[in-house]
Amino acid sequence: MSQQHLNARARRVVVGLDEQNRSTIVSDGNTETRLATPAFTRNVIWGSPLVPTPVMAENTADDAAAIPPPPEGYYYDISTFPPDSEWDYESGYADSLASAGVEGEGEHDIPGIHQTDSIDIVTVISGEIWAVVETGETLVKAGDTVVHRGTKHAWRNRSDAPCTVAALHISVVR
């Protein structure tokens, strides 16, 4: 079961219009934009550099599964976190975040704490995970949603099974 999260894949079905302007499935398969790290495996489903987005705009999520969305856009992803016991959480989280485009943790005593200029709406699909903030933490389970509003946070999976979440990351103005 060790490092099982590295195999996590997300299927994406895209619906569009055919020549007669009828709804049709235009693609069906695993998302191409994917990043597997010791801390998480991230499958970016869809993204746009601009909000609002034209309804028939193409997916623009193609930049190595970066966590921060484009400055005026959004990303939607499915990510899987392994149990903390399967990797070096204390020293490895920063490297995984860096590979996803998140700047260093800075001077903080909480491993993995980070902040992006985005509203992150994160819903647990399966498993459980601890949402960690500067002043505490709370356990979130399947069906629960956490809303980070440009706040510092980290994730801890203290269980013995992977945790999968769906997240919408929307750029904000500070």
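This is a predicted model: local features need pLDDT of at least 70, side-chain atom pairs count only at pLDDT 80 or more; totals for chains, interfaces and linings use all residues.
In soluble globular proteins, nonpolar side chains tend to be buried together. The largest nonpolar core of this model has 29 residues, and those with the most contacts inside it are Phe40, Phe81, Tyr93, Ile129 and Trp155. At least two residues of this core come from each of the strands β5 (74–81), β6 (118–126), β7 (128–133), β10 (154–156) and β11 (163–171), and likewise from the helix α1 (89–99). When residues up to four places away in sequence are not counted, Phe81 touches Phe40, Tyr93, Ile129 and Trp155, and also Ala39, Asn157, Pro162, Cys163 and Val165.

Strand β11 also holds Thr164, which is buried, with a relative accessible area of 17%. Leaving aside neighbours within four places in sequence, Thr164 is in contact with Ile78, Ser79 and Thr80, as well as with Thr123, Val124, Ile125 and Ser126.

Rolling a probe the size of a water molecule over the atoms shows where empty space is left. In the whole structure, two cavities of 30 Å³ or more are found. The largest cavity has a volume of about 200 Å³, and of the 18 residues that line it, Arg42, Ile67, Phe81, Trp155 and His169 are the closest to its centre. Two or more lining residues are given to the largest cavity by each of β5, α1, β6 and β11, and its lining as a whole divides into nine nonpolar, six polar and three charged residues.

The second largest cavity, with a volume of about 40 Å³, is lined by Ala39, Phe81, Pro82, Asp84, Trp87, Tyr89, Tyr93, Trp155, Arg156 and Asn157. Helix α1 and strand β10 each supply at least two residues of this lining, in which seven residues are nonpolar, one is polar and two are charged.

Of the lining residues of the second largest pocket, 10 are nonpolar, three are polar and one is charged.

The count of salt bridges comes to eight. One of them joins the side chains of Glu90 and Arg156, with a distance of 3.7 Å from N to O, and this pair links distant parts of the chain, since Glu90 lies in helix α1 and Arg156 in strand β10, 66 residues apart. Glu90 is exposed, with a relative accessible area of 53%, whereas Arg156 counts as buried at 16% relative accessibility. Together with Asp84, these two residues are linked in a network of salt bridges.

A further salt bridge is formed by Glu134 and Lys152, whose closest N and O atoms are 3.9 Å apart. Because Glu134 lies in the loop between β7 and β8 (136–141) and Lys152 in the loop between β9 (145–149) and β10, the pair ties together parts that are 18 residues apart in sequence. Glu134 is partly exposed, with a relative accessible area of 46%, and Lys152 likewise counts as partly exposed, at 34% relative accessibility. The side chains of Arg22 and Asp18 also meet in a salt bridge, at 2.8 Å from N to O, and Asp18 is buried, with a relative accessible area of 18%.

Notes:
Residues are numbered from 1 along each chain as its sequence is written. Side-chain values use heavy atoms; hydrogens and water are left out. A nonpolar core is a set of buried Ala, Val, Leu, Ile, Met, Phe, Trp, Tyr and Cys residues joined through side-chain atoms within 4.5 Å. Buried means under 20% relative accessible area, exposed over 50%, partly exposed in between (1.4 Å probe, protein chains only). Helices (H or I, at least four residues) and strands (E, at least two) are DSSP runs, numbered from the N terminus. Contact means heavy atoms within 4.5 Å. Ala, Val, Leu, Ile, Met, Phe, Trp, Tyr, Cys and Pro count as nonpolar, Asp, Glu, Lys and Arg as charged, and the others, Gly among them, as polar. On a 1 Å grid over the protein atoms alone, a cavity is a set of points where a 1.4 Å probe fits but cannot get out, and a pocket is an open set with protein on both sides within 12 Å along at least five of seven lines; lining residues have an atom within 4 Å of a point. Grid points are joined across faces, edges and corners, and a volume is the space filled by probe spheres set on the points. A salt bridge is a side-chain nitrogen of Lys or Arg within 4 Å of a carboxyl oxygen of Asp or Glu.
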